[in-house]
Amino acid sequence: MSRSVAVTGMGIFSAIGKNLEENHRSLIHGKHGLSHPEILETVHQNLPIGEIKSTNSDLADALNLDKNHAFTRAALLGTIALKEALQNAKIEDFTNIGFVNGNSVGGMDMTERFYREYESNPANRRFIQAQHPGFTTEQIAGYFGIDNYVTTISTACSSAANAVMLGARLIQSGRLDQVIVGGTDCLSRFTLNGFNSLMIYSEDFPKPFDSERKGLNLGEAAAYLVLESADFAKNKEVLGYVSGYGNANDAFHQTASSENGEGAYLAMQKALETANLNPHHIDYINAHGTATQNNDLSESRALIRIFKEMPAFSSTKSFTGHTLAAAGAIEAVFSLLAIKHQQIYPNLNFNSAISDTRLRPVTELQSTKIQHVLSNSFGFGGNCTSLIFSKDE
Amino acid sequence: MPIMTDLHTELKASIIEQLNLEDMEVSDIENDEPLFGDGLGLDSIDALELIVLLEKDYGIKLTDPKKGREIFESINKMADFIEANRTK
Amino acid sequence: MSRKMYINGMASIAAQTEEDLFTENLQSFSENIFPATSVNYKEYIKPMMLRRMSKAIKMGLVTAKRALNEAGVDVPDSIIVGTGEGCKQDTEKFLENILDENESFLTPTAFIQSTHNTVGGQIALDLKCTGYNMTYTQNSASFESALIDAKLQFTEEMGTRCVLVGGVDEIARISTPFYNLDGQLKAGEINTAKILQSSSEGTITSEGAAFFLLSEIRTQDSFAEISDCMIYRNISEEKLQEEISWFLKKNDLKIDELDVVILGNNGDTRYDHYYQQLQEDLFKNTLQLGYKNWVGDYNTVTAYACWLGAEILKRKEIPQQLKLNNLPLKQPTSILVYNQYLGKNHSLTLLRSL
């Protein structure tokens, strides 16, 4: 029997709140965080985004950073979320703690701003390396003085879910006893235009699993979990356990999911296997549910293949937008909140089921007994990851 | 680049350039050959590239990517569609 | 219980060829950015796939396929990729389109190919491999992060028997030369072969890919094993010495039993002291090799260093042009690779012969 992996702290910053409490309040009141761009400078003023309404200088002030800091927006959001997670877990000594950060576009916000100015403006050159995810991780780790095992996972939209999975494996193998896992991504013109050029960006609010869904809306967020081995978690409040995980590749297309959701199916199946659970043990599924035509149909088919009887499910991307590399972490936090409060958060904007699969997500806040939650995150490159969180018995 | 006098030839040249079909020449593409699937072998990403090509070169804006599949069936179909809808 | 990780196949593309390495024909460059040697990619990749691939994807896919081929494996159980800077060429292309066209008339191909996990995804797609798939981007510890993941897989009971692990990075037309502006690269006239003796700041850069098929099964083709790997984001010189001694001890090696150490000296006077201190102290009786003056420094150049180490163990031969000191040559059986970049993301990797 491998070692259990306890979640002893979490922190979150998203378009529906700057901490756990605010996020929870928004979830139970059905208050989404989508709006038109105010801080992101883009010509696409008509496209709703899950934007955090704090400027970079507001965020830097909140962290007391020096004026010449080299924090990307993702690093600013990440540091704030991580602070909450560490306080929550009452961790002050970072000597042996590991850090696994999920990130996809790194400091693209800085790259796209300064790309044409590096030559003429030496002051911005400190952001030259910011384009790559490792740079953002460095800033966050440096802020806290986390010096040991620090790594970054970049598997597009499944990055943070993979970070949770790796953290659990590091603890189970005995390589680490404490590890911070999660992810951060900020909005950028790069990603907004990227998804828009794929013609899967919605001009309305996202309608996951709805027959009339028009595509995804991007968001920005950061969230982290503190994972600890049973020994280290002994005298702490345990928010839940990472009991299962599965990672598979769809091996179908660089961006689109296969028709029957093979990668998603395999990831969920592996997660159930590692958790030693049967499908009927799952009480709630926090679906990937991006609200694109392709994902929701493919994911629905994969869900039907796994679950003879469909458990309650919803996509909370209808609240936050799709936060890319951070999505797996914020949805891990929402899954753990569901366990803590024994409630299921609704899938907003749903009216009618996809005719083919007829799956109906939960559309109102529901109080119910929750022991095990499955959370899905799928991404470009066919990367599919499923996690299972379980309540302390 | 030689001046294109014929829309069909012009389309073939733009497709080869835009889709990076390095080893192909205009004469390799037949007017009625299917561009997708078993014919030339283009895929859904190419369809999105062609949608932008329509907008940029001919002022035709498609909002539903599904419509592209019909229009881009062959060079003939594409040329007919462009003749009927072009704004530049 | 940890099982062993045998190298059953491997391949590498870098600025120097394998032949030149072992025939003392390594080339010097006069630029601070130089490309990897070219390969006939068409031999390995279908033209319809090839047309969208940037150099990182091409180098990654080709070395992955060669490594699999050498090991006689069609589809691995897992694919794990390390890349510090991912698909820079496509990122640059899409970004320039956004800036030039003011966010209009954008086609998605470059965006699709720009994500850091494109190489891993494209390998999976090409091999139809639905197994575990992961991409690490921790600057100069990206490849080692991938190795550590592989090592974890061999301690777990998830049915993993063979893992494809590699590192890849490419140079890009605009973004790589930015490193001239932030002090990463050496200024002025350069003779790359001589940079390790340089008295200036900065280094030289290039690109490459190296992939390994690691298996728990020892075959006739197995020629080395990767015993262990550690990474440290930030470490002092004193602590580093302690960690290296502990790392060797943990792997049942005494310092005087270590045959070769492959060091990441890159001629940057600001950071080479990490290596120099070890050269003068801990490793003074160990044969020391340096390689970055020949293949440049880039985030996953340590994948090349591991390939080099494994190749030395396989051939039982030392490339003379890489020697940093002159010690009598023993039959090499154990090799340590130590690396850092800009004083951060330090790594230790231990290879052993069988």
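Predicted model: local features only at pLDDT ≥ 70, side-chain atom pairs only at ≥ 80, totals over all residues.

Trainee: Which element gives the most to the side of domain 1 of chain C that touches domain 2 of chain C?
Mentor: Chain C is divided into domain 1, residues 6–215, and domain 2, residues 225–352. Their contact takes 49 residues from domain 1 of chain C and 38 residues from domain 2 of chain C. On the domain 1 side, β1 (6–13), α1 (18–22), α7 (142–153), β4 (162–169) and β5 (208–215) of chain C each supply at least two residues. The element that gives the most, with 7 residues, is α7(C).

Trainee: How many charged residues are on the side of chain C that touches chain A?
Mentor: The contact takes 51 residues from chain C and 52 residues from chain A. Elements giving two or more residues to the chain C side include α4 (88–100), α6 (118–127) and β6 (224–232) of chain C. By class, that side has 21 nonpolar and 22 polar residues, and the charged ones number 8.

Trainee: And where chain B touches chain C, how many residues of the chain B side are charged?
Mentor: Here 11 residues of chain B are in contact with 10 residues of chain C. The chain B side divides into 4 nonpolar and 2 polar residues, and the charged count is 5.

Trainee: Which residue of chain C is among those with the most contacts inside the largest nonpolar core?
Mentor: That core has 249 residues. It draws at least three residues from each of domain 1 and domain 2 of chain C. Those with the most contacts inside the core include A:Met10, A:Leu77 and A:Leu227, and, from chain C, C:Leu214.

Trainee: At roughly what angle do the axes of α6 and α12 of chain A cross?
Mentor: Residues A:Ser159, A:Ala160, A:Ala161 and A:Val164 of α6(A) meet A:Ala327, A:Gly328, A:Ala329 and A:Ala332 of α12(A). By class, this contact has 6 nonpolar, 2 polar and no charged residues. The axes come within 5 Å, and they cross at roughly 65 degrees.

Trainee: Is A:Pro346 buried or exposed?
Mentor: A:Pro346 is found in the loop between β9 (343–344) and β10 (366–367) of chain A. Beyond its neighbours within four places in sequence, its contacts include A:Gly30, A:Ser314 and A:Val362. A residue is buried if 20 or more other C-beta atoms lie within 10 Å of its own. A:Pro346 has 21, so the residue is buried.

Trainee: Is A:Lys90 buried or exposed?
Mentor: A:Lys90 lies in the loop between α3 (73–88) and β2 (98–102) of chain A. Its phi is near 55 degrees, a positive value in a residue other than glycine. Because A:Lys90 has 12 C-beta neighbours inside 10 Å, it counts as exposed.

Trainee: What about A:Ala291, buried or exposed?
Mentor: A:Ala291 also has a positive phi, near 80 degrees. Its place is the loop between β7 (284–286) and α10 (293–306) of chain A. With 28 C-beta neighbours inside 10 Å, A:Ala291 counts as buried.

Definitions and conventions
Residues numbered from 1 in each chain as written. Chains lettered and ligands numbered in written order. Domains from an automatic or database assignment. Contact = placed C-beta atoms within 7 Å. Helix = DSSP H or I, 4+ residues; strand = E, 2+ residues; numbered from the N terminus. Nonpolar A, V, L, I, M, F, W, Y, C, P; charged D, E, K, R; others polar. Core = buried A, V, L, I, M, F, W, Y, C linked by C-beta atoms within 7 Å. Axes fitted to C-alpha atoms, helices over the stretch in contact; angles between N-to-C directions.
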